[in-house]
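Hi everyone, thanks for coming. Let me put the structure on the screen, and then we can walk through a few of its features together.

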Amino acid sequence: MQNSAYKSLRKGYLILLLPGLLLLALFYVYPVLSALYMSMTNWDGVSRSHDFVGLVNYGAALTDPRFLNALSFTLQYAFVSTILSNIVALSIALVLVKKIKFRNFFRAVFFFPAVLSMLIIGYIWQQIFYHVVPYFAERLNIEALQTNMLGNQDLAFWALIIVTVWQASAILVVIYMAGLQTVPEDVYESAAIDGASGWKRFSRITLPLIVPSITICVILAMKQHLMVYDYIIALTDGGPGFATESVTLLIYNLGFLNNQFGYGTAVALMLFVFIIVISIIQINILRKKEVQL
Amino acid sequence: MKKSMYLLSCTPFLLLAACGENEEAASGENGGNGDKAVVEFFQVKPEGVDTFDTLIDQFEEEHPDIEIDQNTVPDGMTVLTTRFSTGDIPDIFITYPVEEDYILRASNDYLLDMTDEEFIEQLNPEIQDRYLEDGRMYGAALSLNANGVLYHKPTFEEHGIDTPETWDEFTAAFETLDAAGETPLIMGNQNVDQTSIFNLNFIAQQFDPDYWERFNNGEETVTESGEWREASEKMLEIIQYAQNDHMGTDTDQANQMFANGDGAMYFMGAWVLPTLRGMNENFDEEFGYFPFPQTNEPEENVTISGVDVGLSVAADSEHPEEALAFVEFLIDEADQFAEMDGSFSAVEGVDVQDPVLEGLAPHVENNQVANWPNHYWEGGTAAEADFRSHSQNFFIHEDIDQYLNDLEAMFESYRKEN
C-alpha cells in the first residue's frame with residue numbers, strides 16, 4: 001500500500017522533471033554534443049559540406065604556438081586578476097562592514113563599476129591610459145608610464161589587470177560583506193577575552209569563518225577571467241602584436257575571421273575542460289579549509 | 001529584345017520561386033508587406049548609410065513594388081560570415097573580389113552569376129575582371145577606395161616643401177619637417193589597421209599578382225628576398241618620424257590630431273575623408289592627398305586601390321530580379337554615388353568629384369594602381385589580421401630578421417591549410 005503511494009509519487013516527480021530535462025537537453029546537451037562533433041570536422045564555417053577528421057584539431061592546437069601563447073596569457077591573467085581582485089575586494093569589504101561615516105555612500109561608490117557597461121568602461125579607461133596616466137608620469141618622471149600602457153607589450157597586461165580588478169572587485173565586495181556579516185559577534189567577544197586582536201583576530205577567526213564566501217568569489221572570478229574577452233576587445237583587441245590575445249579571443253578569431261570553425265570549436269572545448277578541471281581543484285582545496293562553528 | 005532577354009533570364013528563378021511557394025505560404029512571410037518584394041541590402045560601410053538611403057529612395061520611387069531594406073551593423077564583415085554559416089544570407093551584400101572569402105562563397109554556389117548582365121559592360125574592365133573566378137563573375141564593382149599620403153598644406157607651404165614624387169624627395173621632406181621641429185607624421189599604431197595601411201604600400205609596389213601566385217605555391221620566400229628586406233628597411237626609415245607614443249595612439253586619436261593640424265602627413269585611405277571633414281570644417285582647403293612615392297622612379301610608384309563597394313547577390317535570394325535591378329540602378333547612378341561618397345568610380349566615364357581625393361587622380365587615371373596585396377594571400381582576412389599584428393610587433397622591436405621570419409612562418413601556416 002505504502003509502496004504504491006510512493007511509486008505514484010515518484011511518477012509525479014518524474015513528470016514534473018520532464019519539461020526541465022527536455023529544455024536542458026535541447027538547449028544544453030544537444031549544442032554541446034554537436035560542438036563536440038563539429039570540433040572533429042574541418043568545417044570552415046561557409047562550405048556546404050565538411051569532412052570528419054577525428055582528433056586532428058586537438059592535436060594541432062597543442063602544437064600551435066598561437067594557442068599556447070593565448071593559453072599562457074589567459075592563465076597568467078586569470079591567476080593574477082583573481083588573486084588581486086579578491087584581496088582588494090576583501091579589504092574593501094572589511095572596511096565597509098565597520099561602522100564608519102558615510103558607510104552607505106561608500107558602499108554605493110564601490111559597487112558603481114559593476115553596473116557600468118563594459119564598452120563605456122573600455123572607452124573611459126582608454127582615455128585614462130592615453131591622457132591621464134602619461135600626464136602624471138611626466139610630472140613624476142616615471143619614464144615607463146609616459147606612453148600609453150596599452151601600446152606597450154609588457155605593460156598592456158598590467159593595464160588590463162588594473163581595469164579588471166577595478167571592475168571585478170565590485171561584485172566580490174558585496175559577497176564578502178554578506179559573508180562577514182554572518183560571523184557572529186560572540187565569537188569575536190570570546191576571542192577578545194582570550195586576548196586575540198588585530199591580525200590574529202582576522203587570520204584565526206574571520207578568515208576561517210568566511211571560507212565559503214572565498215570559495216564562491218575565487219571560483220566565480222577565476223571562471224570569469226579564464227573566459228576574458230570583453231575587456232580585451234574594449235581595450236587592446238589582442239595587441240600589441242599578439243601580447244594580449246586570450247583563448248576566447250582566439251576562438252572568435254579562428255571561427256569568424258580565419259574560417260576555421262572546426263578548429264575553433266576544438267579550442268573552445270579544450271578551454272571548457274580546462275575551466276572544469278581548475279574549478280574542481282579549487283573547490284577541493286577550499287572545501288578542506290571550511291570550518292563549522 | 002531587351003524585355004525578352006530579361007524574362008528569359010528570370011525563368012530559372014521563377015521555377016525556383018515556384019518550388020519555394022509551399023514553404024512560403026506556410027510561414028506566411030508575405031503577410032505583412034502586401035505585394036512588395038522586400039530586398040535586404042547588407043552593407044558594411046557605416047559612412048555610406050546616408051548616401052545609400054538617398055539612392056534607395058530614388059530607386060523605390062521608380063520601382064514602387066520593391067522595398068530595399070538597408071542593413072548596417074558594426075563589424076559587418078564578421079556578421080556577414082556568421083550569416084553565411086547559418087544560411088541566413090542577405091539578398092544583396094558588399095563583396096571584395098580576389099579575396100578568399102569571395103572565392104569560397106563563389107565556389108560554394110552562394111553567389112549569383114552576373115557575368116552576362118548588361119550592366120557589367122559599363123564597368124572598367126581593369127577593375128571588374130578582378131571578380132573573374134573560373135571565367136565567371138559573381139560581383140559588380142561600383143567604387144574604389146584609394147590609399148595615399150594626406151598632408152597639411154599650410155605646414156608644407158611654411159617650410160617650402162612641394163609634394164614629393166620620389167622616395168628621396170619624400171624622405172627629404174620628413175627630414176626638413178623634423179629639423180624644423182614639426183611633427184612630420186601622425187600614426188595611430190595602437191590599432192592594427194594603421195600598420196597595414198602603411199606597410200602594404202611598399203608590398204604592393206614590389207610585387208605583382210604573378211609573384212603572389214608563385215608565392216602561394218611556395219616558390220618564393222620572405223626571408224631570402226631582397227625586396228621584402230628593402231620594404232622593411234623603408235618602413236623603419238619612415239616610422240622614426242612619427243609622433244611620440246605613436247604605438248599608444250589609436251585611429252580615433254590619430255584622426256583627431258591630424259585634423260587639428262598637429263602633424264604634417266598621415267597615411268590613410270580615402271574612406272577616412274568623411275570622418276576628417278566632420279572634425280575640421282576647413283578640411284578641404286587645408287588638406288590634400290599625394291600618391292605614396294615608394295621609389296625614385298615616379299612612373300613605377302603605385303597607389304593601392306581596391307574595390308570599396310562591390311555588390312553580390314545571393315544565389316538563393318527570393319527576389320533575384322529585384323536585387324539585380326537595384327545593382328543596375330546603382331551602376332546607372334554612379335555619378336551621383338561618386339559625388340556623395342567621394343570615391344573613385346569603377347564605372348567607366350565617371351570622374352572623381354572630391355577636391356581632396358583629386359590628388360590621387362593622376363595615378364588612378366594612368367592605371368598606376370595596385371590591388372591590396374593581401375587580397376592575393378592564402379588565408380584571406382585572417383592572414384591580413386596576422387600580418388597586421390606581426391607588423392605592430394615589428395614597429396615595437398624594429399627587428400627586420402625577426403619580422404621576416406615571423407611573416408614566413410605565418411604565410412607558411414596558411415599555405416599548409418589549403
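This is a predicted model: local features need pLDDT of at least 70, side-chain atom pairs count only at pLDDT 80 or more; totals for chains, interfaces and linings use all residues.

Residues are numbered from 1 along each chain as its sequence is written, chains are lettered from A and ligands numbered from 1 in the order in which they are written, and side-chain values use heavy atoms, with hydrogens and water left out.

Let's start with chain B. Its two parts are domain 1 (2–26 + 35–143 + 306–351) and domain 2 (147–304 + 377–417), with bounds that come from an automatic or database domain assignment. Between the C-alpha centres of these two domains of chain B there are 32 Å. Where they meet, five residues of domain 1 of chain B are in contact with seven residues of domain 2 of chain B; contact means heavy atoms within 4.5 Å.

Next, the inside. In soluble globular proteins, nonpolar side chains tend to be buried together. We call a set of buried Ala, Val, Leu, Ile, Met, Phe, Trp, Tyr and Cys residues a nonpolar core if they are joined through side-chain atoms within 4.5 Å. Buried means under 20% relative accessible area, exposed over 50%, and partly exposed in between, with a 1.4 Å probe and protein chains only.

Which residues touch the most other members of the largest nonpolar core? They are Ile92(B), Leu150(B), Phe326(B) and Phe344(B), out of 80 residues in that core. Helix α14 (residues 320–332) of chain B gives the most to this core, namely eight residues. Helices here are DSSP runs (H or I, at least four residues), numbered from the N terminus. Domain 1 and domain 2 of chain B each supply at least three residues to this core. A second, separate core has 52 residues, including Val149(B) and Met410(B). Back to Phe326(B): setting aside residues up to four places away in sequence, it touches Phe41(B), Ile56(B), Phe59(B), Ile68(B) and Ile92(B).

Now for helix pairs. In chain A, helix α7 (residues 185–193) and helix α8 (residues 198–209) have axes 11 Å apart and pack at an angle of about 160°. Axes are lines fitted to C-alpha atoms, for helices over the stretch in contact, and angles run from 0 to 180 degrees between N-to-C directions. So α7(A) and α8(A) are roughly antiparallel to each other, a label for angles over 145 degrees. On the α7(A) side, the contact is made by Val187(A), Tyr188(A) and Ala191(A).

In chain B, the axes of helix α8 (residues 192–206) and α10(B) come within 10 Å and cross at roughly 145°. Among the residues that meet here are Phe198(B) and Phe202(B) from α8(B), and Trp228(B) and Met235(B) from α10(B).

Asp245(B) sits in the loop between α10 (226–239) and α11 (251–259) of chain B. Its phi is near 55°, a positive value in a residue other than glycine, and Asp245(B) is buried, with a relative accessible area of 18%.

Note on methods:
Helices (H or I, at least four residues) and strands (E, at least two) are DSSP runs, numbered from the N terminus. Angles under 35 degrees count as roughly parallel, over 145 as roughly antiparallel, 65 to 115 as roughly perpendicular and the rest as oblique.
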